[in-house]
Amino acid sequence: MKIGFIGTGVMGQSMARHLGERLFIYNRTKEKAQSLLANGAIWCNSPQEVVEKADIIFTMLGYPQDVENVYLGATGLITNGRPGQILVDCTTSSPELAVKLFEAGHVKDIHVLDAPVSGGDIGAQNAMLSIMVGGREEVFNQVKPLFERMGTSIAYFGDAGSGQHTKMANQIAIASNMIGVAESLYYAQSAGLDVERVLATITKGAAGSWSLSNLAPRMLTDDYQPGFYTHHFLKDMKIALDESQKMNIELPGLSLAYEIYESLSSELKNTTGTQVIYQIYNNH
């Protein structure tokens with residue numbers, strides 16, 4: 001099957017690289033696709049051109065409105081797709097939109113999976129992502145060998161939207177954890193401890209987490225380069241808060257994390273990774 005990939009940003013570029021060299025690719029900014037093009041990928045001028053040439057297409061975009069446009073817009077994948085094609089959205093997006101895309105695809109006999117990922121830039125680079133999938137199980141099984149090129153934990157969760165709901169659970173866990181990681185380092189620093197030794201010790205104990213191991217060291221060196229942009233994390237938390245309202249449940253930890261990240265300047269939100277939360281404490 002010919003493979004297409006749309007969205008070659010921080011995550012998408014590495015994910016696409018693991019899928020092979022002769023990919024049909026599109027990105028709003030062509031410069032961000034140059035390394036893939038240099039390795040044999042084939043440039044397309046629109047999502048429509050990708051869907052005309054590829055059989056299975058992965059997307060890794062920014063916001064739900066971007067996903068809706070790429071799938072359902074005038075040059076969109078479903079709009080211009082053909083029966084039997086498989087479309088896989090790896091964007092963290094709205095569960096409701098995932099269902100909408102699945103149903104729109106079903107009308108045209110186009111198969112749509114929602115397959116958000118977790119693991120950040122490091123996971124994408126090393127093909128060690130966690131991939132959470134919703135949609136038809138037989139389609140998931142067909143795509144699974146490609147998922148295995150990008151990740152090490154691939155799981156099917158059920159009908160359309162269930163992949164996105166699983167990713168919301170993932171983001172909720174990370175949200176409160178990021179507060180804990182930043183406050184832990186700030187406390188150790190304030191107590192006059194050797195913070196790097198503290199970090200080396202507590203990552204091996206019950207406090208250990210992906211964020212503590214991978215993002216805390218960046219915090220200590222004031223490295224706020226994005227593995228995952230803060231403004232995308234805010235988007236994810238807002239989706240989770242909206243979904244929790246629909247379920248009539250309260251998530252105070254998530255609400256606090258959203259409030260803290262939302263208090264950052266627009267520049268920090270748009271240019272830094274989620275570890276920038278440490279600046280709020282470190283600058284006190």
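A cavity is a set of grid points where a 1.4 Å probe fits but cannot get out. The structure discussed here is a predicted model.

## The cavity

How many cavities of 30 Å³ or more does a search of the whole structure find? The search finds 1. The volume of the largest cavity is about 50 Å³.

Its lining can be read residue by residue. D89, S93, S94, L97 and A98 belong to the lining of the largest cavity, and so do L101, V112, L113, D114 and Q164. By class, that lining has 5 nonpolar residues, 3 polar ones and 2 charged ones. Which elements each supply at least two lining residues? They are α6, which covers 95–107, and β6, which covers 111–114.

Two packed helices are described by the angle between their axes and the distance between the axes. The table gives both values for each pair.

| Helix pair | Angle between axes | Distance between axes |
|---|---|---|
| α9 (residues 162–190) and α10 (residues 195–202) | about 135° | 9 Å |
| α4 (residues 64–72) and α6 | about 5° | 11 Å |
| α9 and α14 (residues 252–262) | roughly 65° | within 9 Å |

### α4 with α6

Helix α4 and α6 pack at an angle of about 5°. Angles under 35 degrees count as roughly parallel, so α4 is roughly parallel to α6. On the α4 side, the meeting residues are P64, V67, E68, Y71 and L72. On the α6 side, they are L97, K100, L101 and A104. This contact has 7 nonpolar residues, no polar ones and 2 charged ones.

### α9 with α10

Now turn to α9. Its angle with α10 is about 135°. That angle makes α9 oblique to α10. Is the crossing of α9 and α10 left-handed or right-handed? It is right-handed. From α9, the contact uses S184, L185, A188 and Q189. From α10, it uses V195, V198, L199 and I202. The residues of this contact divide into 6 nonpolar, 2 polar and no charged.

V198 gives a close-up of this pair. V198 sits in helix α10. Between V198 and L185 there are 13 residues of separation in sequence, and their C-alpha atoms are 8.3 Å apart in space. Which residues does V198 touch, not counting those up to four places away in sequence? It touches A188 and L193. A188 is one of the α9 residues in the contact with α10.

### α9 with α14

Helix α9 also meets α14. The axes of α9 and α14 come within 9 Å and cross at roughly 65°. The crossing of α9 and α14 is left-handed. Helix α9 brings I172, A175, S176, M178 and I179 to the meeting. Helix α14 brings G253, L254, L256, A257, I260 and Y261. By class, the contact of α9 with α14 has 9 nonpolar residues, 2 polar ones and no charged ones.

## A loop residue

One more residue deserves a look. Where is S209 found? S209 lies in the loop between α10 and α11, and α11 spans 210–214. S209 and I174 are 35 residues apart along the chain. Their C-alpha atoms are separated by 9.3 Å. Leaving aside neighbours within four places in sequence, S209 is in contact with N177 and V181.

Key
Residues numbered from 1 in each chain as written. Predicted model: local features only at pLDDT ≥ 70, side-chain atom pairs only at ≥ 80, totals over all residues. Heavy atoms only, no water. 1 Å grid on protein atoms, 1.4 Å probe; cavity = no way out; pocket = protein on both sides within 12 Å on 5 of 7 lines; lining within 4 Å. Points joined across faces, edges and corners; volume = space filled by probe spheres on them. Helix = DSSP H or I, 4+ residues; strand = E, 2+ residues; numbered from the N terminus. Nonpolar A, V, L, I, M, F, W, Y, C, P; charged D, E, K, R; others polar. Axes fitted to C-alpha atoms, helices over the stretch in contact; angles between N-to-C directions. Parallel < 35°, antiparallel > 145°, perpendicular 65-115°, else oblique. Left-handed = near helix turned anticlockwise from the far one by under 90°. Contact = heavy atoms within 4.5 Å.
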